[in-house]
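Dear colleague,

Please find the structure below. My notes on what was found in it follow directly after.

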Amino acid sequence: MWRGATTAMTERSHGPSKMRLCSTVAIWVTFIHCVAAIPWTQEKLHHRAVTLTQDEILAALTSTDLEQMWQRDLRPLLVTRYPGSVGSRAVQEHIKTTLGSLGAGWEVTEDAFVSQTPYGQLPFTNIVANLNSSANRRLVLACHYDSKYYPPQWHGREFQGATDSAVPCAMMLELARALDEELKAQKATSPDLTLQLLFFDGEEALFQWTATDSLYGSRHLAQKMETTPHPAGATDTNQLHTMDLFVLLDLIGGPDPHFYNQFPSTTYWLSRLQSIEKRLHSMNELVDHPHNVQYFWPNRPVGHIQDDHIPFLNRGVPILHLIPSPFPSVWHTFDDNEQNLDRSAIQNLNKIMQVFVLEYLNARPATAIPSNPQNAP
Ligand SMILES: [Zn+2]
């Protein structure tokens, strides 16, 4: 991503107070009238997440395992993986194999294309994973898996891009693995609301950030989705209409991340993340987390940042951009490596994101703990 020229951009979506008013009115309308009267493209405006009980949260988090994520998901990503490289192809295989091995039944497809770059024509491949591609509504998690290109003859060192963005991609794989049972059950019980994972290629500028030398994968996929009808054969709705909320994770893995508010229209969902942070803190589920709020700050606005959400934002998709401010101190240096990652922050954010996804999808995990201990054998 790029932090220059951030404030000049204007949010395409509606003004904050108007949106809040609309949302409030819409919620009441939902309660008063029949939900079925609302077109599916508008249901995202009325969506309510469930709030899991403490027992359900504990049950949901029993499977998440930072060490397993580190070995299985993160280490294979910490290679040079600029577009078209050997490492890029290995990482693509890793992502596809990992998701393909899960029980929830992910449908994994590629969006492969060739684009002109400052180094000539290069191949790019986005990876799109759908839990249920026939569902009309999708919570989207996205990251970029490419690493920034540093010509080896100039630097002689390998750029790992640990926070940029190996860790966010590993977090998404870990989420899919840890919540496999819950997602499988959610798919069976809620056929119209699902989870989609996007792994973008070519986020980084290959030479220098411009409108054409950056965001190769996200620009291509947003354009493709806009021209792909959903449901199949539809004439007035496309795949972008299926996106309830597009959550982009980037530059995660450094110590003490702060996520501020770029988009008033999605403040509610950033507030949900803060609420989950507080709840997990009160349950002593977060490590090295002395205050009840450290990460999510919905009441603090921050300027826009150029990143993979932009082609979707420009087409009207609601965005939650989870990128810390300031960026990690190692950003775009050779110190953005495994040694400088903060395991506690990653583990905490894994837990917060996993609860967020379950609550958004209205997926209550089965609890092993009886709700009334007196009835226990
Ligand atoms: Zn970068």
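A crossing of two helices is called left-handed if the near helix is turned anticlockwise from the far one by less than a right angle, and right-handed if clockwise. Helices (H or I, at least four residues) and strands (E, at least two) are DSSP runs, numbered from the N terminus. With these terms, H3 passes H6 in a right-handed crossing.

Two remarks on the source are needed. This is a predicted model, in which local features need pLDDT of at least 70, side-chain atom pairs count only at pLDDT 80 or more, and totals for chains, interfaces and linings use all residues. Residues are numbered from 1 along each chain as its sequence is written.

The chain as a whole

The chain holds 11 helices and eight strands. Of its 377 residues, 44% are buried, that is, with 20 or more other C-beta atoms, placed from the backbone, within 10 Å of their own.

The helix packing

Helix H3 (residues 66-74) and helix H6 (residues 162-178) have axes that come within 9 Å and cross at roughly 110 degrees. Axes are lines fitted to C-alpha atoms, for helices over the stretch in contact, and angles run from 0 to 180 degrees between N-to-C directions. H3 and H6 are therefore roughly perpendicular to each other (65 to 115 degrees; under 35 is roughly parallel, over 145 roughly antiparallel, and the rest oblique). On the H3 side the contact is made by Met-69, Asp-73 and Leu-74, and on the H6 side by Ala-166, Val-167, Ala-170, Leu-173 and Glu-174; contact requires C-beta atoms, placed from the backbone, within 7 Å.

H6 also packs against helix H11 (residues 343-360), at an angle of about 50 degrees and with the axes 10 Å apart. This makes H6 oblique to H11. The crossing of H6 and H11 is right-handed. Among the residues that meet here are Val-167 and Glu-174 in H6 and Ile-346 and Leu-349 in H11.

The sheet

Six strands form an open sheet in the order S1-S2-S4-S3-S5-S8, with mixed pairing; two strands pair if DSSP finds at least two bridges between them. Strand S1 (107-117) and strand S8 (319-322) are the edge strands, each pairing on one side only. From one strand to the next, the twist averages 20 degrees. Strand S5 (residues 243-249) and S8 run parallel and are joined by four bridges. Ile-319 in S8 is the bridge partner of Phe-246.

Yours sincerely

Note on methods. A residue is buried if 20 or more other C-beta atoms lie within 10 Å of its own, exposed if 12 or fewer, and partly exposed in between; C-beta atoms are placed from the backbone. Two residues are in contact if their C-beta atoms, placed from the backbone, lie within 7 Å.
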